[in-house]
Amino acid sequence: MSELLNFNYPPEPAVDRVTLFADVILPLPLPKLYTYRIPFEMNDEVLVGARVIVQFGAKRVLSCIVADIHENAPADYQAKYILDVLDDKPIVTAPQLKLFRWIADYYMCTIGEVINAALPSALKLSSESRIQLHPHFNPEEDDIPLASQEVKIIYALQQNPALTFTEVGNLLQVKSYHKYIKSLIQKEAIIIFEQVSDRFSPKVVKKIRLTEHFVQEEGMLEELFNQLATKPKQLDILLNYLQKVPVHQNIRLNTAGIEKSVLANNPHLSKSSIDSLIKKGVFEQFDQIISRFPVDNTVPLQPMKLSDHQEQAKDEILGLFKEKDTVLLHGVTGSGKTEVYIDLIKHALEAGGQVLYLLPEIALTAQIVTRLIKVFGDKLGIYHSKFSDNERAEVWQGVLSGRFQMVVGVRSAVFLPFHNLSLVIVDEEHEPSYKQYEPAPRYNARETALMMAHLQGAKTLLGSATPSIETYYNCKTDRWGLVTMSKRFGEAQMPTIELINVREEQQRKNMHNHFSGKLVTAIEERLARHEQVILFQNRRGYAPFISCDECSWIPKCQHCAVSLSYHKYNNELRCHYCGYHERMPHDCPACGATTLRSMGFGTEKVEDDLKLMLPNAEVQRMDLDTTKKKNSYQQIITDFESGKTNVLIGTQMVTKGLDFENVSLVGILNADSIIHFPDFRAHERAYQLFVQVSGRAGRKGKPGTVLIQTRDPLQPIFRKVHSNDYTSLYEHEIEERMRFGYPPFARMIRITVKHVDEKVSENAAIVLAKDLTDQLGAQLVLGPEVPYIFKIRNLFLNEIHVKLPRENVNLRAAKQAISKVIQQLYLLPDFKGVRVVADVDPA
């Protein structure tokens, strides 16, 4: 295969033409860009931001993004030729390239890793991709001209259902075999699938229409009826078509035809008769490309009027935007922030700009999109990971073309190719879900959105009822603007919050499994009044672990230093870090006893217990286990909104901005596990979670109640939650962070050393910490230390924390020093195989 790829183009004729080179971004973790020579005939075709096909290494063929075009040949190697051009216009904009470079620089990764994360898989290509015949391509009937090499590929695919690019190269025995693959894709004879794709496949529907002469020529339709008089099944097909497409009233309706499935799925019509009419030439079949995001144009776009309170907030935001690029809308839960967002979006779109609306969870997009579509119709695009590769590629292309003027999405939406951005909205800006952990780039979508807006001259609106301490600090120091909405919308009042002392309830024998008597009674009262309940438990699964009563054996993950969680639905033990799972044993593997007992409780057990205690309740659960399918979020939310279910149990998914008008009770089952967490943000996160989930109650005028079960009701955090006193929380937290040098007064970089050998990991971390101390100073380097979970996926972990004060420290120089020390560690023979990960601003 290598001899097929390592080739040079034939000598160029002696004409005065400029030799051009292109620096490209390969979707690989390479520290530098790679330079390729542009063939003379492609000089006008290769564009910055467009995709080209190149050979990298001996056998790999990849698509990459052109980052720069120049006349400078690389000094250290001979530039290979670009093999082909995939795009006639850029798919990555100039502002995007600037943003990608910033992400790579700030988050200490390579720009290749950024590109790999940013581009939908359907816009990438590699030599390991596979091809197959297009399901609608029929080489015997489709009159498509094919070159001899293309015929070979088609014949091979008729014998073998799929071929890799490498196999195509071996089959054709020509140097530039990729051009034949590209040609067959354009002719819609083949498609690429599996790992990555070249051009995304548009959604195509099969349609049929009457052959033209039956409509255009007078009397032909009547003659057709006579011909089919003895064939009633075929006549039924014709009559049904004419009923849906009345060509006798307007012959132009025939051009659009009708989807074949409309007739084929009718149980009263014969599918074989449809095919017979197509073969006879009565109907002609054709393909039509349709959007994966259809909009029901029969639903009128709804006008919206803000309340006086909302109007005032909007005016304040617009006023601050004249002076500042970033504004925080600090509005209590249920204050109507979303309506303010929508009005600001309308103003931005009317002025001709683009808008990005970021949300922390897919679950939120399911509910908010329904509201946005009613206002913005087909201007709206949706972008998140539950969509297929082709759907995401369609949104990407829609943003490029201007079809989607606004996009609502989760963190990956910051990578979309906006070129005229005027407004970015980051809703629930405090959420840790905006942080990407694995793989690189380990970016924070909130910070990335701020830089994205800066690069395009756009304004950014951050919104939250419980802002992050860093965000509020920026407002209090007058760097950003601040607008406050302190009242709920309409007649709705803030919910009443009550604490339930679990210790006392246990002493009184008033606990039913993990439910206090007071909580059970409150649930029963709400259900009797046909109201709804949300229960929050921050653990999924049935139980965090199981244990043997006799010998105290606890099953552990084979690859991580954690116990296995019990999932009753699948009757299995599962690791929530690496996904390892095994069947639930019948007896203890250590001592043979059959006294295995689940310890603690997760959302699955809460659901199970509640169904036993309240058999008439319609209970549903929303967590990672129940939302794996594409539309599962939407279905759960729709069922709850419609009243089909009246109790919703969930993890953090149920705390984030969901709006249900009939919820009058929220129960927090185990508040203590959230407060007592080894992290400097623990109290901030606990306050945010408690306030956010409490805010789901009493949003539409019905009185709301929040019951919090705790073993320590004297915790200071509960007083702040009870009085909704964010200011007090902020003042306490900011004083602590100033004293100990935590954000916002310093930037944190967590450096994790990983290796399969525990001792090697420890020694590497010690050497790395010493070298970092030599470079940065002992006061800035903490550790190394073994984290609470010290082994994940068979790798032993050690952590080093670097604190970089915001004042008097050159951040770029410090990061360069860290990167240099890491690279030097890799060169030491004792630490071969060690992996070091730098996480900037860990959440």
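A cavity here is a set of points, on a 1 Å grid over the protein atoms alone, where a 1.4 Å probe fits but cannot get out, whereas a pocket is an open set with protein on both sides within 12 Å along at least five of seven lines; lining residues have an atom within 4 Å of a point. Grid points are joined across faces, edges and corners, and a volume is the space filled by probe spheres set on the points.

Before selecting anything, note that this is a predicted model, in which local features need pLDDT of at least 70 and side-chain atom pairs count only at pLDDT 80 or more, while totals for chains, interfaces and linings use all residues. Residues are numbered from 1 along each chain as its sequence is written, and side-chain values use heavy atoms, with hydrogens and water left out.

**The second largest cavity**

Select V24, I25, L26, L28, L30, K32, L33, Y34, I111 and G112, which line the second largest cavity; about 50 Å³ of space lies in it. Strand 1 (20-25) and helix 3 (111-118) are the elements that give two or more residues to this lining. Helices (H or I, at least four residues) and strands (E, at least two) are DSSP runs, numbered from the N terminus. By class, the lining of the second largest cavity divides into eight nonpolar residues, one polar and one charged, where Ala, Val, Leu, Ile, Met, Phe, Trp, Tyr, Cys and Pro count as nonpolar, Asp, Glu, Lys and Arg as charged, and the others, Gly among them, as polar.

Next, show helix 4 (residues 148-159) with helix 6 (residues 178-186), whose axes come within 10 Å and cross at roughly 75°. Axes are lines fitted to C-alpha atoms, for helices over the stretch in contact, and angles run from 0 to 180 degrees between N-to-C directions. Helix 4 and helix 6 are therefore roughly perpendicular to each other, a word used for angles of 65 to 115 degrees, while those under 35 count as roughly parallel, those over 145 as roughly antiparallel and the rest as oblique. At the contact (heavy atoms within 4.5 Å), Q149, E150, I153 and I154 in helix 4 meet Y180, S183 and L184 in helix 6. These residues divide into four nonpolar, two polar and one charged.

While still in this region, select Q173, which lies in the loop between helix 5 (165-172) and helix 6; its phi is near 55°, a positive value in a residue other than glycine.

Then move to helix 9 (residues 232-244) and helix 12 (residues 271-279), whose axes come within 9 Å and cross at roughly 80°. That makes helix 9 roughly perpendicular to helix 12. Here K233, Q234 and I237 in helix 9 meet S273, I274, S276 and L277 in helix 12, and the residues of this contact comprise three nonpolar, three polar and one charged.

**The second largest pocket**

For the next stop, select Y106, E447, R479, R747 and R806, which lie nearest the centre of the second largest pocket among its 46 lining residues; about 1,200 Å³ of space lies in this pocket. Helix 17 gives the largest share of the lining, six residues. By class, the lining of the second largest pocket has 18 nonpolar, ten polar and 18 charged residues.

**Two cis peptide bonds**

Select E438 and P439, which are joined by a cis peptide bond with omega about -10°; P439 sits in the loop between strand 16 (421-427) and helix 17. The peptide bond from G783 to P784 is cis, with omega near 15°, and P784 has its place in strand 33 (residues 781-785).

**The whole chain**

Finally, zoom out to the chain, which has 28 helices and 36 strands.
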